[in-house]
Amino acid sequence: MQSTIFDDSLKTGFDAIDEQHRMFLDMLSELGAQIQAGHHRQGVLDAFQGMQAYADGHFTDEEATMAGYDYPDLADHRRQHDTFRSMTRDLEKRTGEGPGLLSLETLEYLGTWFVGHIRNDDQRFAAFAREVGEGAK
């Protein structure tokens, strides 16, 4: 699995959100390292569940920030978060059914989705927030 490093291209300008994005990508990389190292299935499942919980908390925080700005695309953004939550719940269920179902390719897909979401959707919100903030001065 190719490790995704948090860099300036992923920064939104919201320090708390940026740090949560960094932490999530670090967790994803660590999970990939556990799979590559052949750690037992329960350990991988536990780490995956921790990553899910972290992502869920992050999404909740991000949505609250967006609500504070009266972000007009919040409902769509929330649906995207819900899609990710649903995807990871399905993966968790399937991982519990047998070994190897949580693969490096699956983690790569989740990482690609997450980075794409930051670069497109989160950056769109960040631009909106900057515009609203500048207009208020």
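Trainee: What should I know before starting?

Mentor: The model is predicted: local features need pLDDT of at least 70 and side-chain atom pairs count only at pLDDT 80 or more, while totals for chains, interfaces and linings use all residues. Residues are numbered from 1 along each chain as its sequence is written, and side-chain values use heavy atoms, with hydrogens and water left out.

Trainee: How many helices and strands does the chain have?

Mentor: Helices (H or I, at least four residues) and strands (E, at least two) are DSSP runs, numbered from the N terminus. Here there are 4 helices and 0 strands, in the order α-α-α-α from the N terminus on.

Trainee: Why does the span of helix α2 agree with its number of residues?

Mentor: The expected span of a helix is 1.5 Å times one less than its number of residues. Helix α2 covers residues 41-68, and its 28 residues should therefore span 40 Å; the end C-alpha atoms are 41 Å apart, which agrees. Just after α2, D70 has a positive phi of about 50°.

Trainee: Which residues of α2 are buried?

Mentor: Buried means under 20% relative accessible area, exposed over 50%, and partly exposed in between (1.4 Å probe, protein chains only). In α2 the buried residues include F48, F59, E62 and E63. Over the chain of 137 residues, 40% are buried.

Trainee: Why does R85 count as buried?

Mentor: R85 counts as buried because its relative accessibility is 13%. This residue is in helix α3.

Trainee: What does R85 touch, not counting residues up to four places away in sequence?

Mentor: Contact means heavy atoms within 4.5 Å. On that count, R85 touches D56, F59, T60 and E63.

Trainee: With which side chains does the side chain of R85 make a polar contact?

Mentor: A polar contact is a pair of N or O atoms within 3.5 Å; within protein, one must be able to donate a hydrogen and the other to accept it, and residues adjacent in sequence count only if both atoms are side-chain atoms. The side chain of R85 makes one with the side chain of D56 at 2.4 Å, and another with that of D82 at 2.8 Å.

Trainee: Where does Q80 lie, and is it buried or exposed?

Mentor: Q80 lies in helix α3, residues 74-97, and counts as buried because its relative accessibility is 18%. Leaving out residues up to four places away in sequence, Q80 touches W113, H117 and D121. Its side chain makes a polar contact with the side chain of D121 (3.5 Å).
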